[in-house]
Amino acid sequence: MSSNFIWAVATAAYQIEGGKDTDGRTPSMWDAIREIPGRIKDGSTKDLSCDGRNKYREDVQLIKSLGVTHYRFSIDWSRVMKNGKTRNPLGMEYYKDLCRELKKEGIKCIVTLFHADLPLDLYNEGSWLTEGIIDRFVEFSRYCYEELNEYVSIWITFNEIRMHAWAGVVKVEGEPFHSLDIDYKKFLGNVSVTRAVMVASRNMLLAHAKVYRLFHEKDDSTRVGIIVGAHSCMDAEGEKISAVSERATKSMVNLYLDPLIHPSNDWTEDMKEYLGTDLPPWSEDEKKLLKNTMDVLCLNYYRPHIVKERKGPSLVEELFNFTMVDDDWPKIGGESSWVRLHPRGLISLLEGLTKKEKEDGMKYPNVPILISENGVNDDPSLDSLEDTNRIQYIEAHIDGILEARRSGINVIGYTAWSLMDNLEWDDGFQVRFGLFHVDLKSEEKTRTPKMSVDWYRKKIEKERRDETMNKEVK
Ligand code: GAL
């Protein structure tokens with residue numbers, strides 16, 4: 001085992017910076033969502049944030065105190081490109097300075113280009129439904145590369161591409177609603193909502209591939225990845241992998257990876273059957289563009305799902321003929337949390353994606369895997385600074401991942417979500433995923449370490465020590 005395992009902590013631009021129009025930043029989709037009464041559970045508007053934009057020097061010290069090797073953050077497109085279209089050096093200067101500060105402390109950067117938020121103008125012009133956005137994204141990415149690449153260890157084009165396609169563009173029955181409900185027929189004509197989602201998926205995959213090619217043309221050693229949500233599905237009977245659980249996983253994970261790294265570089269035959277004419281085909285040139293555009297496969301994991309053969313009730317379940325049923329895994333974030341403690345779900349997904357003996361088209365044996373998010377919200381029944389539930393959750397996952405690594409799975413790193421409490425999308429600030437507590441009522445947005453901060457640092461120290469010792473023995 002080499003000792004260059006990535007130990008990281010993550011945030012996303014909009015979640016810690018909010019929407020204040022400083023540095024010539026222009027409005028974004030999430031600014032507009034937060035202005036709609038009733039959309040955000042705590043009623044907070046775009047001006048409330050952790051003030052990550054101004055407190056970044058202090059935040060770098062928090063990151064340093066964790067002893068991590070890497071910090072994963074995202075770039076706010078609305079800040080570095082006015083209305084998503086024109087370079088804004090003032091906005092870029094902030095990210096450059098953040099990178100410089102991190103470098104001073106020996107911390108490397110993992111940068112996500114697109115994490116859920118879109119410049120409002122681009123949303124109104126059709127969001128990911130129109131092909132024009134692909135080149136806009138390439139131009140934004142080119143600017144980020146030119147200014148920041150010297151600091152970046154891994155570029156991630158999209159955070160949870162599937163989640164964004166199903167929740168962040170149009171309103172889909174049974175999915176979270178993280179967008180403004182665009183009238184997609186205005187852009188695509190009289191097609192089904194599934195077709196709209198798959199057109200958006202397709203445009204994002206093409207945008208990913210173009211950025212991959214661009215960055216590799218500039219320097220072939222650049223590492224570029226994409227994040228999918230690790231929707232590991234299991235069969236109710238003894239948590240086995242069965243036809244239905246495999247189909248459910250394929251519809252949420254492999255559907256988005258196959259065009260990039262499956263040997264056919266195409267949607268797989270079974271997915272074509274389920275989606276029919278709602279699945280836009282690839283031309284031969286597009287297949288060539290997409291082929292092998294992945295240096296790192298990134299997975300965000302919070303919980304698995306138990307599925308049964310039955311249609312519905314959500315559109316996705318209806319389409320792929322499965323339904324998610326209740327589980328009895330520990331509700332480690334409290335009764336109302338959707339997170340579950342079941343690390344085995346991640347490990348079986350890792351095995352399913354990589355094990356060589358599987359010959360059914362679900363495997364991608366050569367790609368290094370980064371766990372790009374994993375974490376749990378505070379349990380409201382505990383004192384928020386004594387987050388023993390978070391320690392238990394993160395420890396169980398790290399131990400499982402390191403075990404998988406020892407068994408030969410090429411996991412290259414682990415990322416805890418999140419550095420600090422932040423805007424948990426439509427839940428507002430009430431659901432807290434941070435290792436650091438943020439007092440949102442205070443003018444300074446005071447950060448206070450929870451118990452997990454000290455624990456995470458010690459855990460990283462121990463694992464790095466053990467790794468070095470094992471190496472010496474060999
Ligand atoms: C992920 C998302 C993050 C954060 C996290 C916790 O899906 O990428 O931005 O919200 O969930 O809910």
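Does Glu335 count as buried or exposed, and at what relative accessibility? Glu335 counts as exposed, at 65% relative accessibility, where exposed means over 50% relative accessible area, buried under 20% and partly exposed in between (1.4 Å probe, protein chains only). The model is predicted: local features need pLDDT of at least 70, side-chain atom pairs count only at pLDDT 80 or more, and totals for chains, interfaces and linings use all residues. Residues are numbered from 1 along each chain as its sequence is written, and side-chain values use heavy atoms, with hydrogens and water left out.

**Ligand surroundings**

- The ligand is surrounded by Gln15, His115, Asn159, Glu160, Asn300, Tyr302, Trp338, Glu373, Trp417, Glu424, Trp425 and Phe433, a residue being near if one of its heavy atoms lies within 4 Å.
- This shell has five nonpolar, four polar and three charged residues; Ala, Val, Leu, Ile, Met, Phe, Trp, Tyr, Cys and Pro count as nonpolar, Asp, Glu, Lys and Arg as charged, and the others, Gly among them, as polar.

**Polar atoms facing the ligand**

- From a polar side-chain atom of Glu424 to an oxygen atom of the ligand the distance is 2.4 Å.
- For Asn159, a polar side-chain atom lies 2.9 Å from a ligand oxygen atom, and for Trp425 the corresponding distance is 3.0 Å.
- The protein buries 92% of the 310 Å² that the ligand exposes when taken alone (Shrake-Rupley method, 1.4 Å probe).

**Salt bridges**

- The count of salt bridges comes to 48, each being a side-chain nitrogen of Lys or Arg within 4 Å of a carboxyl oxygen of Asp or Glu.
- Lys331 and Glu335 meet through their side chains in a salt bridge at 3.5 Å, N to O; Lys331 is partly exposed, with a relative accessible area of 36%.
- Arg344 and Glu351 form a salt bridge at 3.0 Å, N to O; Arg344 counts as partly exposed at 39% relative accessibility, and Glu351 is partly exposed with a relative accessible area of 24%.
- The side chains of Arg405 and Glu467 are joined by a salt bridge at 3.1 Å, N to O.

Methods. Polar contact = N/O pair within 3.5 Å; in protein donor to acceptor, adjacent residues only side chain to side chain.
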